[in-house]
Amino acid sequence: MKFFQVITSLKKEVKLIFTEAWKTSLILFKIVIPLSIVTKLLNDFGVTGYIGVALGPVMEVTGLPGSMGIVWATAMVTNLYAAIIVFSTLILSEPLTLAQVTILTTMMLVAHSLPVELSIAKKAGCRLFFMLLLRVLGALVIGFMLNQIYLGGGFLQSEFTAVWKPEVTDPSWSTWAFDQVKSLFSILGVILMLILAVRVLNRLHITDLLARLLKPVLQVMGMSRNAAPITVIGMTMGIGYGGGMIIREAQSGSLSSRDIFFSLSFMGLMHSMIEDTLLMVFLGGHVSGLLFFRFIFAVTAVFVMVRIMKHIKVDTFNRYFYSGSKA
């Protein structure tokens, strides 16, 4: 009898996991699919290139040649992989130092895939303009500070030599559509595994352990302990994969508007710290900027934000920074 009860309970649990994964994926699909088409059109019509040219003078503030603006613009409008392809072609005629590559890749980690990731933040309730400003200005400030540190200390000034180059993919719409379908299935698979992992972590009380470990950092920043689980998801898995869960958490009403806002602000500056960071390391960036300085900057930035915004009235906060999650 107990055996059948266990099987019945297991079936029920599996069904709940698949249902939650599908509902969570649908939230993301509604955002990702139309925006993927828009970014493809922007790329095909050369809009990304124009943005890159406009960013040229700005890049010089971070110690980078103006041509690297095209790489950063590609990362912001499309994704890191597309930016890597652009970078691999430009690096042949534009010699850079290891410090410059680290600055560029760190900026790319802070501000990339903005159409999709900002839409997720907006869906969770954050005001779009502020999140855009935070990501872009945050990347520029990090780039400027890293340039001063590397130049002042004479760090990573040796010439960069590319050791890894991605394959150039077919730019046709058919290939793009096939890749997008694969990407959507990947998102569903990752979310399914993520939900399963979260349930296992909850059962083993590991989530509580992570929350306790993260609690001092959150306390330093002025965030509540309740924000720890979604912050951990965003930091490790990224806004793209963890976005659906973040939106559902926001819509559940279990977190305050300020917790959601500060959590997403922190994630905007410091997310996908495993996969994307490793990707930029393979490209040639140094972990000192990609991981350590980025983390310190994100903690400091949110700490300052919390201290300033705690004096802002609720009505003012909602008017300019948080509008509430959209069902």
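**Note on a predicted helical chain**

1. Among contacts in the chain between residues at least 6 apart in sequence, 81% join residues at least 24 apart, where contact means heavy atoms within 4.5 Å. The structure is a predicted model, in which local features need pLDDT of at least 70 and side-chain atom pairs count only at pLDDT 80 or more, while totals for chains, interfaces and linings use all residues. Residues are numbered from 1 along each chain as its sequence is written, and side-chain values use heavy atoms, with hydrogens and water left out.

2. The chain has 15 helices and 0 strands. Helices (H or I, at least four residues) and strands (E, at least two) are DSSP runs, numbered from the N terminus. Of its 327 residues, 44% count as buried; buried means under 20% relative accessible area, exposed over 50%, and partly exposed in between, with a 1.4 Å probe and protein chains only. The chain exposes about 16,300 Å², of which carbon and sulfur atoms supply 70%.

3. Helix 4 (residues 80–90) and helix 5 have axes that come within 11 Å and cross at roughly 155°. That angle makes helix 4 roughly antiparallel to helix 5. Axes are lines fitted to C-alpha atoms, for helices over the stretch in contact, and angles run from 0 to 180 degrees between N-to-C directions. Angles under 35 degrees count as roughly parallel, over 145 as roughly antiparallel, 65 to 115 as roughly perpendicular, and the rest as oblique. In this pair, Leu80, Ala83 and Phe87 of helix 4 meet Val101, Leu104, Met108 and Leu109 of helix 5. By class, these residues divide into 7 nonpolar, no polar and no charged. Ala, Val, Leu, Ile, Met, Phe, Trp, Tyr, Cys and Pro count as nonpolar, Asp, Glu, Lys and Arg as charged, and the others, Gly among them, as polar.

4. Ser113 lies in the loop between helix 5 (98–110) and helix 6. Ser113 counts as buried because its relative accessibility is 14%. Apart from neighbours within four places in sequence, Ser113 is in contact with Ala75, Met76, Thr78 and Asn79.

5. Helix 6 (residues 114–123) packs against helix 7 (residues 128–153) at an angle of about 135°, with the axes 9 Å apart. Helix 6 is therefore oblique to helix 7. Leu114, Glu117, Leu118, Ala121 and Lys122 in helix 6 meet Leu128, Met131, Leu132, Arg135 and Val136 in helix 7. This contact has 7 nonpolar, no polar and 3 charged residues.

6. Tyr150 belongs to helix 7, and its 5% relative accessibility is why it counts as buried. Leaving aside neighbours within four places in sequence, the residues in contact with Tyr150 include Ala99, Thr102, Ile103, Leu156 and Ser288. The C-alpha atoms of Tyr150 and Gly289 are separated by 9.8 Å, although the two residues are 139 apart along the chain.

7. Leu156 is placed in the loop between helix 7 and helix 8 (173–203). Not counting residues up to four places away in sequence, Leu156 touches Thr97, Leu98, Ala99, Thr102, Tyr150, His286 and Ser288. Leu156 and Val101 are 55 residues apart in sequence and 9.5 Å apart in space, C-alpha to C-alpha.

8. Helix 10 (residues 228–237) is largely enclosed by the rest of the structure, because 7 of its 10 residues are buried. Those buried residues are Ala228, Ile230, Thr231, Val232, Ile233, Gly234 and Met235. Gly238, with a positive phi near 100°, follows helix 10.

Terms used: Areas by Shrake-Rupley, 256 points an atom, 1.4 Å probe, with all protein chains shown as cover.
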